[in-house]
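Hi everyone, thanks for coming. Please bring the structure up on your screens, and we'll walk through it together.

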Amino acid sequence: MRESWRWFGPNDPVSLDEIRQTGATDIVSALHHIPIGDAWPIEAIREHKALIEAGNNTDSQMHWTVVESIPVHDDIKLAAPGHEQYIENWITTLNNLAAQGIKTICYNFMPVIDWTRTDLKYKLPNGVYALRFDQDRFAAFDLFILERENAKDDYSADELKRAETSFKSMTEDDIAQLTRTIIAGLPGKMTDAYTLDDFRKALARYADVDHDVLRSNLFSFLGQVLPHAESSGIELAIHPDDPPWDMFGLPRIICTPKDLDVLFGQLPSPANGMTLCVGTYGSRPDNDLPQMALDYGPRIHFAHLRGVSRDADEPRSFYEANHLQSDIDMVGVIRHLLGNERALKREIFIRPDHGHQMMADINKTANPGYSAIGRMKGLAEVRGVIKAISAIDG
Ligand code: DNO
């Protein structure tokens with residue numbers, strides 16, 4: 001397995017020198033400064049790669065091998081007039097990356113929003129801070145802050161009541177912070193930051209887009225992109241919708257094995273692959289993660305390893321737990337990923353996804369989920385599991 005680490009570029013509070021100390025060899029990165037929809041110029045890719053490799057010496061090498069992500073412009077997701085140019089730009093970016101030897105590409109097809117949480121500093125009993133998604137707080141935002149038209153229809157009477165209670169307990173500051181957390185976006189997001197009004201407008205564009213329409217727009221996009229990926233040896237790795245269910249009345253189409261089966265059944269190209277984001281898929285009790293790791297062997301080009309712990313009384317609410325102590329059987333997942341590698345005679349990229357904000361990082365500026373020490377703890381634990389299973393299974 002290739003141990004990778006996400007780096008957000010020169011403004012990332014975790015430096016490349018620090019990443020090197022974790023032992024990770026592969027850098028997962030993107031050109032976050034380029035506007036969504038524009039092609040990434042080859043020169044900008046070369047510069048970014050040079051930054052990553054600048055500290056290399058014969059005994060310690062790090063390389064930019066994975067892109068997370070090339071954003072997909074919402075006009076592509078909507079197949080809006082003029083979206084063809086955005087697809088062309090995406091293909092140009094793909095070709096420019098391939099020319100620099102960067103061939104594993106994570107992307108997602110979530111409309112309007114990227115990954116979503118409601119709490120970025122959720123304190124666990126041992127003093128660390130975790131990320132959390134709380135269904136009641138989310139519903140409170142949707143119903144009483146955003147005041148989305150017809151939002152009521154998406155919730156049961158009990159859910160409405162709980163959302164109201166949650167909203168009533170919020171101070172002005174809580175409301176402002178929750179709003180920022182949801183619509184201004186989290187690190188690495190592949191969508192714009194919105195004001196409440198822009199957000200309403202962005203949602204309105206999807207009024208007539210249901211699951212089937214969105215899916216056919218994804219397939220049409222991939223139909224154009226995959227031949228280029230294949231000819232340049234690129235492996236695409238679609239990231240699931242996080243959390244993996246519909247939100248704000250928007251259709252979400254990469255949430256379950258059923259969704260993946262439709263995707264791969266329709267477009268069987270070997271370049272059409274997935275990111276096994278263990279924490280995202282694992283936010284649903286009906287997704288069996290070790291089974292998915294087994295079933296999708298050759299399709300898994302990249303894996304995000306993290307755990308979630310779901311609330312007993314509301315399974316859509318969860319916090320991000322320790323990498324090895326959560327509702328997900330991480331050891332089972334890793335065992336199958338290693339088995340796939342042996343069977344397929346290839347390595348995949350894994351990265352410790354999100355970590356707790358802990359120890360000296362608690363008082364530092366950090367990208368939520370992406371502080372150094374918590375992720376390093378996750379990587380160290382996962383590395384131990386990999387070593388142990390490899391020693392036993394050969
Ligand atoms: C969050 C990440 C996401 C992910 C994109 C992939 O930590 O997993 O931002 O990078 O959704 O396109």
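Predicted model: local features only at pLDDT ≥ 70, side-chain atom pairs only at ≥ 80, totals over all residues.

How many residues surround the ligand? There are 14, and the closest are E68, S69, D114, H354 and Y370. Sorted by class, this shell holds 5 nonpolar, 6 polar and 3 charged residues.

Now zoom in on the oxygen atoms of the ligand. One lies 2.5 Å from an N or O atom in the E68 side chain. For the side chain of N108, the distance from a ligand oxygen to an N or O atom is 2.8 Å. With the side chain of W115, an N or O atom sits 3.2 Å from an oxygen of the ligand. And how much of the ligand does the protein bury? Taken alone, the ligand exposes 330 Å², and the protein buries 100% of that.

Let's move on to a sheet. Strands of a sheet pair through backbone hydrogen bonds, either parallel or antiparallel. Here we have an open sheet of 4 strands in the order 5-6-11-10, and the pairing is antiparallel. At the edges you'll find strand 5, residues 119-123, and strand 10, residues 307-310, each pairing on one side only. From one strand to the next, the twist averages 40 degrees.

Finally, follow strand 10 to its partner, strand 11, which covers residues 318-321. The two pair in the antiparallel sense over 4 bridges, and V308 stands opposite E320 in strand 11.

Key:
Residues numbered from 1 in each chain as written. Heavy atoms only, no water. Near = heavy atom within 4 Å. Polar contact = N/O pair within 3.5 Å; in protein donor to acceptor, adjacent residues only side chain to side chain. Areas by Shrake-Rupley, 256 points an atom, 1.4 Å probe, with all protein chains shown as cover. Nonpolar A, V, L, I, M, F, W, Y, C, P; charged D, E, K, R; others polar. Pairing = 2+ DSSP bridges. Axes fitted to C-alpha atoms, helices over the stretch in contact; angles between N-to-C directions.
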